[in-house]
Amino acid sequence: MLFTLAWRNIWRNKRRSLITIMAVSFAVTFSLFMRSMQIGFYARMIDNVVSFYTGYLQIQAPGYQEKQSLDESFIPRDSLLLELSATRRVTVTAPRLESFALVSAGDMTDGTVVIGIDPNAENALTGLRKQVITGRYLEVDDRGILLAEGLANYLKVNVGDEVVLLSTGYHGISAAGKCEVVGIVRFPSPDLNARMAYLALPYAQWFYGAEGRLTSVAVMIEDQRFLEPVVAELEQLLGQQYDVVTWETMMPEMVQYIEFDNVSGIIIMILLYVIVGMGVLGTMLMMTMERTREFGMLVAVGMKKGLLRGILIVESALLSLNGALLGAAMAVPFLIYFRIHPIMLSGSYAEIMHEYGLEPILPFSMQPSIFIEQTSIVFLIALAASFYPLFRVSRLQAVEAMRGEV
């Protein structure tokens, strides 16, 4: 009976009800649009770093993460890669020897990250072979070098040219050599595109005087949500011999940026929620004033105030629910489109993002949690606005209400 009465009451004044529903639906659509863009942007940032560089986690020698020195490298036990590959949720592992070097060509010199890789394992983890835009990919026994496009452009070199590497190797030995550029790779992240160079792992170990040694084993897992259980399982499996380091630990600047930007986004969302709440409250106020005489008459003929309050709650719930569902339905086509065709930034906005080492693109996320979260929040805010008419009904005097004195 409550549902039937509430539903009929809603459509007695279609204009008022439609205004309320559209206000709620607009709020849901806008909040979904903003939150989807924000979460999608974070996911793209993480994916760029994880997929093209760090992996979701790395196995390192104790102390390497703090010192980042070849002296903290390790000789892996024979079964390490097999143990990692056999761990649940782990999809790919890639051994690396990573260090820093000055790379020169002609009059140009730049500092770069040099990573010794197993070409096949690295390609399985990061898809590095697909990033080659000129030349060829590394072979296992290669003595050439693979340069990122931005670094190659800065040095003014191309495939077939030679570059000189100068660095410090294991236990402080001098490391210097000449390498032919066999290929150039392009990364979507401007930061990675400006500072990466790759050598085949055996040659890198020889160059740095670190034969048989690794600085890390990069590990890719099925999904970010499995990170914590995989870390716990690996820590138990590997014991104190190795450190299990997550991408958050390796990239604290990115974590801080995401947290800061997320707070600013939440503040904007709160402002939106306040506007929505005030809009719905205004509609409820108007509805209550228009129906004061009606409420007084219903109480006068014997309707209990508790029943009347129940009808108002159901009315508010139906209005809010319809608005929330309509808003979600309106948002889905736009979000699907922008998920497939993300917004490409240009001009000053693109330049700013390049300066921060970010890809100038705004992708969107379709995580179900975003829809559940935003739809529920706006629904509850709209429902909370119904407390005003409930308060008025509780203090209602039938005679005064019918005279229009309340």
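In the predicted model, strands E2 and E3 (residues 108-117) pair in the antiparallel sense, with ten bridges between them. Within this pairing, Leu 97 lies opposite Gly 116 of E3. The two strands form a hairpin in which two residues separate E2 from E3, and Gly 106, located in the turn, adopts a positive phi of about 65°.

Strand E2 also pairs with two further strands. Six bridges connect E2 to strand E9 (residues 216-221) in an antiparallel arrangement, and here Val 90 faces Ile 221 of E9 across the pairing. An antiparallel pairing with strand E6 (residues 162-168) comprises three bridges, and Leu 102 stands opposite Leu 166 of E6. Of the 16 residues of E2 (residues 90-105), twelve are buried, and the strand is therefore largely enclosed by the rest of the structure.

These pairings belong to a chain that contains 17 helices and twelve strands. Buried residues account for 50% of the 406 residues, and, among contacts between residues at least 6 apart in sequence, 78% join residues at least 24 apart.

The chain exposes about 20,100 Å², of which 60% is supplied by carbon and sulfur atoms. With regard to charge, the chain carries 31 positive and 39 negative side chains, and the centres of these two sets lie 19 Å apart.

Definitions and conventions: Residues numbered from 1 in each chain as written. Predicted model: local features only at pLDDT ≥ 70, side-chain atom pairs only at ≥ 80, totals over all residues. Heavy atoms only, no water. Buried < 20%, exposed > 50% of the residue type's maximum accessible area, 1.4 Å probe, protein only. Helix = DSSP H or I, 4+ residues; strand = E, 2+ residues; numbered from the N terminus. Pairing = 2+ DSSP bridges. Contact = heavy atoms within 4.5 Å. Areas by Shrake-Rupley, 256 points an atom, 1.4 Å probe, with all protein chains shown as cover. Lys, Arg positive; Asp, Glu negative; His and termini not counted. Charge placed at Lys NZ, Arg CZ, Asp CG, Glu CD.
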